[in-house]
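Hi there,

Here is the structure I promised to pass on. Please have a look at it first, and then read on for what turned up.

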Amino acid sequence: MTRVEASSSAVENSNATEIGDPQQVVIVTGLSGAGRGTAAKVLEDLGYYVADNLPPELIGRMVELGESADPPIRKLALVMDVRSRFFTGNLSAVTEQLRTSGVSTRILFLEASDDVLIRRFGFARRRHPLQSESADGTLTAGITAERERLSSVKTAADLVIDTTALSIHQLHRKLEEAYGGAAPTALQLTIQSFGFKYGVPLDADMVLDLRFLPNPHWVPELREKTGQDAPVSEYVLSRPGAQDYLGTARHLVDLTTEGYRQEGKRYMTVAVGCTGGKHRSVAIAEALGEELGTGADKNGSRDVVRVVHRDLGRE
């Protein structure tokens, strides 16, 4: 894992490829209900800027704007469906134009069986975009019409994924393997200290309670200091049970993050609490962040670890 220092802003996505590398454009398309929305979210997590249903005449302009942005948008995902005028033109001509200009362009096509698509539309309780255009107005006819209209697009696709038997997590992993680059399993881990008297963070995936340790607040020479100060940190970490707890917490976080990666999750927040969020939780959060920031998972992936202190300074 790679540690970054605390900041109030979210950790930036890995959208910045090496300067000089070609822009990467992924055109996401396929059958309605086959998972385009899920694919868009995964690509966004992988650092792609996602534009949904962009008119075809603006694709080249979008790529140019991305190149001239500060910082440049190096990874762009364009989600297209059958309702777009994109499919009335020549898809191969559009992609060839992008590739000729030096843009790395790939087409992702998602499909699924008719019965699965019918179940998904029934579960979502929405109409198929071509249902009203079909002869009998049925969902089945709409799906058939869409298959016919997109047959040439599927033929031109660089990658076709059948989501019939895939769970969301399995689709997530397939897309990470295809578009995730060198570190598809990287996870962004936030270690957040807090004070229980101000409430447990609502976005916490795991909560650690440090109130069993002696409180430096009752040590006069430590009261005005914080867990970021060496005397407080040394005091907290030297208390009986502190090192054992830290080691156990490290092991528990390692096990959980590995499970998160297997499930396709890319973000995790570990909340470390004490009474006021000033001494014990801050010291342990810093130590845990340091521990986690020096390692890598069993696959060699280096995660991003940041440490933030929600309630430091409130007292």
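Before the helix pair below, one convention: axes are lines fitted to C-alpha atoms, for helices over the stretch in contact, and angles between N-to-C directions run from 0 to 180 degrees. Please also keep in mind that this is a predicted model.

With that convention, look at helix α4 (residues 114–124) and helix α5 (residues 139–149): their axes come within 10 Å and cross at roughly 125°. The two helices are therefore oblique to each other, and their crossing is right-handed. On the α4 side, the contact is made by Asp-114, Leu-117, Ile-118 and Phe-121, while α5 brings in Leu-139, Thr-140, Ile-143 and Arg-147. Sorted by class, that contact has five nonpolar residues, one polar residue and two charged ones.

For the overall picture, the protein chain has 10 helices and 10 strands. Of its 315 residues, 45% are buried. If you take contacts between residues at least 6 apart in sequence, 80% of them join residues at least 24 apart.

Helix α1 (residues 36–45) is worth a stop too. Which of its residues are buried? They are Arg-36, Ala-39, Ala-40, Val-42 and Leu-43. These residues cover an arc of only 165° around the axis, so they sit on the same side of α1. Their cover includes the strands β2 (24–30), β3 (49–52), β4 (75–79) and β5 (104–111), along with helices α5 and α7 (168–179). Just after α1, you will find Gly-47 with a positive phi of about 100°.

Ala-230 belongs to helix α8 (residues 230–237). Is Ala-230 buried or partly exposed? Its relative accessible area is 45%, so Ala-230 counts as partly exposed. From C-alpha to C-alpha, Ala-230 is 8.9 Å from Ala-283, and 53 residues separate the two in sequence.

Gly-289 is part of helix α10 (residues 280–292). With a relative accessible area of 0%, Gly-289 is buried. Its C-alpha atom is 6.2 Å from that of Val-307, which is 18 residues away along the chain.

Happy to hear what you think once you have had a look.

Best wishes

Technical notes
Residues numbered from 1 in each chain as written. Predicted model: local features only at pLDDT ≥ 70, side-chain atom pairs only at ≥ 80, totals over all residues. Heavy atoms only, no water. Helix = DSSP H or I, 4+ residues; strand = E, 2+ residues; numbered from the N terminus. Parallel < 35°, antiparallel > 145°, perpendicular 65-115°, else oblique. Left-handed = near helix turned anticlockwise from the far one by under 90°. Contact = heavy atoms within 4.5 Å. Nonpolar A, V, L, I, M, F, W, Y, C, P; charged D, E, K, R; others polar. Buried < 20%, exposed > 50% of the residue type's maximum accessible area, 1.4 Å probe, protein only. Arc of directions from axis to C-beta.
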